[in-house]
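Subject: Structure handover

Hello,

Here is the structure I promised to pass on. Please open it alongside this message; my notes follow below.

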Amino acid sequence: MSCSWLFVLLLFICAEYLVVHCAARERGKKGCPELKKCLEPFPMLVDLLEKDKSGALATLTYGVLLDSVCSKQAALKLCLTTSPCHSFKQTYVGLAVNDTLEYICGEGRDALLSEAGCYSRDDFEWGTYQCSRTMRLETDIATLQDQAGKADKTRFCRVFDNLLKCIHVNVERTCSSKAANFTRSVFGKTIKAFAKKIGCPFFKL
């Protein structure tokens, strides 16, 4: 599988906003053990972010496991707040995991459990992966245009918007409107930090 949408977006943000800052902080560093420790209880959400594995949501449809994961929300927030980590990639992964966890343990919990059969379907994961792959291509094009001075940052907001619309259409066709709304919201949470960084107006969450 090619690199995830997370990696593509990190390249863009580093290139456009934080070249010197990223280089200084990442130089000679291969990771951040402290932040990795924060994320250890949430491997399924890290897979969703880093590997485009939307099927990882199926793991959380087991009520006992979901309760266990959700019980660690406060610990995750504290861990992220106190972590000395300056790894650019992992910091954003941490924020995205936190945002996604808040949603699936709160407002999205009912849709996750009641539509459980959807998230383990091969065509569910394939459909969302195709949307992510399209996003990577659109991001590459937008990055090239931006570097050539032919596009503004709102182009990337449209890329995000297209991703969420694509996911909604695919999941609604495969499963149901309820599952589609849930999956769109989950992916919205995973890109919230990036969208806010760029200033996308439709991200009010």
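The count of salt bridges comes to seven. Keep in mind that this is a predicted model.

**Salt bridges**

Start with Lys192 and Asp99. They form a salt bridge, with the closest N and O atoms 3.9 Å apart. Lys192 sits in helix 13 (residues 192–198) and Asp99 in helix 7 (residues 88–105), so the bridge ties together parts 93 residues apart in sequence. Are these two partners buried or exposed? Lys192 is buried, at a relative accessible area of 14%. Asp99 also counts as buried, at 12% relative accessibility. The cut-off for buried is under 20%, so the 14% of Lys192 falls in that class.

Next, Arg109 and Asp67. Their closest N and O atoms are 2.6 Å apart in a salt bridge. Arg109 belongs to helix 8 (residues 109–114) and Asp67 to helix 5, so this pair joins parts 42 residues apart in sequence. Arg109 is partly exposed, with a relative accessible area of 25%. Asp67 is partly exposed as well, at 41%.

Then Glu40 and Lys37. Their side chains meet in a salt bridge at 3.7 Å, N to O. Lys37 is exposed, with a relative accessible area of 55%.

**Helix 5**

Helix 5 holds one end of the Arg109 bridge, through Asp67. The helix covers residues 63–70. Which of its residues are buried? Leu66, Val69 and Cys70 are. Viewed down the axis of helix 5, the buried residues fall within an arc of 95°, so they line one face of the helix.

**Disulfides**

How many disulfides does the structure hold? There are five. Three of them are set out below.

Cys38 lies in helix 3 (residues 33–39) and Cys79 in helix 6 (residues 73–82), so the pair ties together parts 41 residues apart in sequence. The torsion about the S-S bond of Cys38 and Cys79 is about -80°, so this disulfide is left-handed. Cys38 is buried, with a relative accessible area of 4%. Cys79 is partly exposed, at 24%.

Cys118 and Cys175 form another, with a sulfur separation of 2.1 Å. This pair links distant parts of the chain, 57 residues apart. Cys118 is in helix 9 (residues 116–119), while Cys175 is in the loop between helix 11 and helix 12 (177–190). What is the handedness of the Cys118 and Cys175 disulfide? The torsion about its S-S bond is about 85°, so the disulfide is right-handed. Cys118 is buried, at a relative accessible area of 5%. Cys175 is partly exposed, at 26%.

Cys131 is joined to Cys166 by a disulfide, S to S 2.1 Å. Cys131 comes from helix 10 (residues 122–147) and Cys166 from helix 11, and the two are 35 residues apart. The S-S torsion of Cys131 and Cys166 is about -80°, so the disulfide is left-handed. Cys131 is buried, with a relative accessible area of 1%. Cys166 counts as partly exposed, at 25% relative accessibility.

**Asn170**

One more residue in helix 11 is worth a look. Asn170 lies in this helix, which spans residues 154–174. Asn170 is buried, with a relative accessible area of 17%. What does Asn170 touch, leaving aside its neighbours within four places in sequence? Asn170 is in contact with Gly127 and Cys131. Cys131 is the helix 10 cysteine bonded to Cys166. The side chain of Asn170 also makes a polar contact of 2.9 Å with the side chain of Arg173.

**Where to look**

For a quick tour, begin at the buried pair, Lys192 and Asp99. Then view helix 5 down its axis, with the buried residues along one face. Finish at helix 11, which carries Asn170 and Cys166.

Best regards

Terms used
Residues are numbered from 1 along each chain as its sequence is written. This is a predicted model: local features need pLDDT of at least 70, side-chain atom pairs count only at pLDDT 80 or more; totals for chains, interfaces and linings use all residues. Side-chain values use heavy atoms; hydrogens and water are left out. Helices (H or I, at least four residues) and strands (E, at least two) are DSSP runs, numbered from the N terminus. Buried means under 20% relative accessible area, exposed over 50%, partly exposed in between (1.4 Å probe, protein chains only). A polar contact is a pair of N or O atoms within 3.5 Å; within protein, one must be able to donate a hydrogen and the other to accept it, and residues adjacent in sequence count only if both atoms are side-chain atoms. Contact means heavy atoms within 4.5 Å. The arc is that of the directions from the helix axis to the C-beta atoms. A disulfide is a pair of cysteine sulfur atoms within 2.5 Å. A salt bridge is a side-chain nitrogen of Lys or Arg within 4 Å of a carboxyl oxygen of Asp or Glu.
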